[in-house]
Amino acid sequence: MNAVLIAVLVMVVLSLCRLNVVLSLFIGALIGGLISGLGIDKTISTFSGGIVDGSEVALSYALLGGFAAILSYSGITDYFVEKIINMLKKDNTVKTRTVTKITILVSLIIMSCMSQNILPVHIAFIPIIIPPLLSLFNELKIDRRLIAVILTFGLNFPYVLLPYGFGYIFHGIIKKAFDKAGQPIELSQIFPAMIIPSLGFIVGLLIAFVVYRKPREYKMIQFKEETTRKALKPYVVFISIVAILATFIVQLTTESMIFGALAGILVFFISFAFDWKTLDDELVSGIKIMAYIGVVMLTANGFASVMSATGDVERLVADMVHFTHGSKAMTILFMLIVGLIVTLGIGSSFATIPIIAALFIPLGESIGLSTAAIIAVIGTAGALGDAGSPASDSTLGPTAGLNMDGQHNHIWDTCVPTFVLFNIPLIICGFIAAMIL
C-alpha cells in the first residue's frame, strides 16, 4: 500500500463525509505516517515541524480578516451595494437584473485574474469585496457555486499561463526544477507549452456558466448588526480608500500580506474616524472568522511534511511506470494523476512542482517526450488539484468570503464544483499537449 495515496484518499473521503477539514487532514497524515512505517512519534513530530512553514500565511489570513471586518464596518462597501439594490428595486426589469448580474460576474473574473498578475495580492481582495456583495447576490439569486468557480478560476488560470506576478514564481519553479535535473531551459519556453493545458480552465469556467445558470434562493441573513455601522461621511470614504491603497501598495513593496494588512488596519486606527474600542472589537471579530482558514493552512503544511517524509511519492511514480509498461499515453496519464493526488493532499501547486519534477523529467525523456511536452506535463500535474483541494487557498479563500453568513459549504459548494469543472478539462488538455508537442 502506498502511504501517500492512502492518506490523500482518507482525507478526501472524510472531508466529503463532512468531517471537519482540519480533523480530516490530521487523520489522513496520521494514517499515512503509520502505513509508511514512520511510527506515531515520528509522524507527530514531522507533522508538528511542518506546521511552522505555514505560520506566515496563517497570520496573513487572520489579519486580512480583521482588515476586511473593519472595512465593512466603515460602511463604504455596504453603501455601494445598497445603491445597486435600490436601483434594482426602482427598475426591476429582466434587462436591468441581467445587465447587473453580467457586470458583477465579469468584474469578479477580471478582479480575481488581476490578483495574480497586475496587482498580485492573491486572495487578499476576497474578504474585502465578497462579504458586502452577499446581499446583492441573494437579491439577484446568483448561485454562489458559480461565484466560487469564478474566483478559483481567477486564482489559478493566470499563474499557470502567464509568467507575471505569481505566474513568474510558478514558471520559475518549473525552470529551477529543469536546471536541477541538468536539463536547463529558458523561462520563455514555459509559456508556449502551457497554452493548451491552461485552456482547461477556460473550458471549466464556460461549463460553470451553463451548470449554475439557474437562480438559487438564499436566506437574507444579516450577519452584522446595522446599529453598529456609522453613517457614511466623506471623510470615512477617504479613509477607506486610503486604507485599501495602503494595503495593496505595502503588500506589493514588502511582498508580505502581513504588513499589507497591518498597514490598512493602522490607517483606520490613526484616522480617529471611529472609536478605538469599537474598531478593536471589529478587528477581533474579523480575525476569528479568518483564523479558521489559517488553521487549515497550518494543518495542510503538517500533512505535506508527513507525505514528503514517507518517501512514497517516488514509489508511487515507480509503481505507475511499471504498471504502464512504458506506454507513452498511459505514462502521461498516470503522471498527471500523480500530480493530482499530491497537490490534492498538499493543497499547493507551487509546493508540488519540486516534488514531482525530479521524477517526471527523466521519466518523460525515457518515453521520448520533447522538452515542451515535459513542461506541459509538469505544469499541468502541478496545477491539478489546486482547484478542488480542501486545503488549497484557491478554495479556502472563496469559501471564506461566500460563507460569511453560513450559507456556503466549503466541500460541496466550493471544492466539489471546482474539482470537477477544472481538473477533468485540465487532465484532457494537459494530455493533448503532452501528446502533440
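Me: How do the axes of α6 and α7 cross, and within what distance do they come?

Reply: In this predicted model, where local features need pLDDT of at least 70, side-chain atom pairs count only at pLDDT 80 or more and totals for chains, interfaces and linings use all residues, the axes of α6 (residues 94-114) and α7 (residues 126-140) come within 11 Å and cross at roughly 150 degrees. That makes α6 roughly antiparallel to α7 (an angle over 145 degrees). Residues are numbered from 1 along each chain as its sequence is written, and side-chain values use heavy atoms, with hydrogens and water left out.

Me: How are those axes and angles defined?

Reply: Axes are lines fitted to C-alpha atoms, for helices over the stretch in contact, and angles run from 0 to 180 degrees between N-to-C directions. Helices themselves are DSSP runs (H or I, at least four residues), numbered from the N terminus.

Me: Which residues make the contact of α6 with α7?

Reply: With contact meaning heavy atoms within 4.5 Å, α6 contributes Arg 97, Thr 100, Lys 101, Ile 104, Leu 108 and Met 111, while α7 contributes Ile 129, Ile 130, Leu 136, Phe 137, Glu 139 and Leu 140. By class, the contact of α6 with α7 has eight nonpolar, one polar and three charged residues.

Me: And what does α19 do against α7, at what angle?

Reply: Helix α19 (residues 393-402) packs with α7 at an angle of about 45 degrees, the axes being 7 Å apart. On the α7 side, Ile 126, Ile 130, Pro 131, Leu 134 and Phe 137 meet Gly 397, Pro 398, Gly 401 and Leu 402 in α19. By class, that contact has seven nonpolar, two polar and no charged residues.

Me: Switching to α2 and α3, at what angle do they cross?

Reply: The axes of α2 (residues 21-36) and α3 (residues 40-51) cross at roughly 135 degrees and come within 9 Å, which makes α2 oblique to α3. Their contact is made by Phe 26, Ala 29, Leu 30, Gly 33 and Leu 34 of α2 together with Ile 40, Thr 43 and Phe 47 of α3.

Me: Zooming out, how many helices and strands does the chain have, and what share of residues is buried?

Reply: The chain has 20 helices and zero strands (a strand being a DSSP E run of at least two residues). Buried residues, meaning those under 20% relative accessible area with a 1.4 Å probe and protein chains only, make up 54% of the 437 residues.

Conventions: Parallel < 35°, antiparallel > 145°, perpendicular 65-115°, else oblique. Nonpolar A, V, L, I, M, F, W, Y, C, P; charged D, E, K, R; others polar. Buried < 20%, exposed > 50% of the residue type's maximum accessible area, 1.4 Å probe, protein only.
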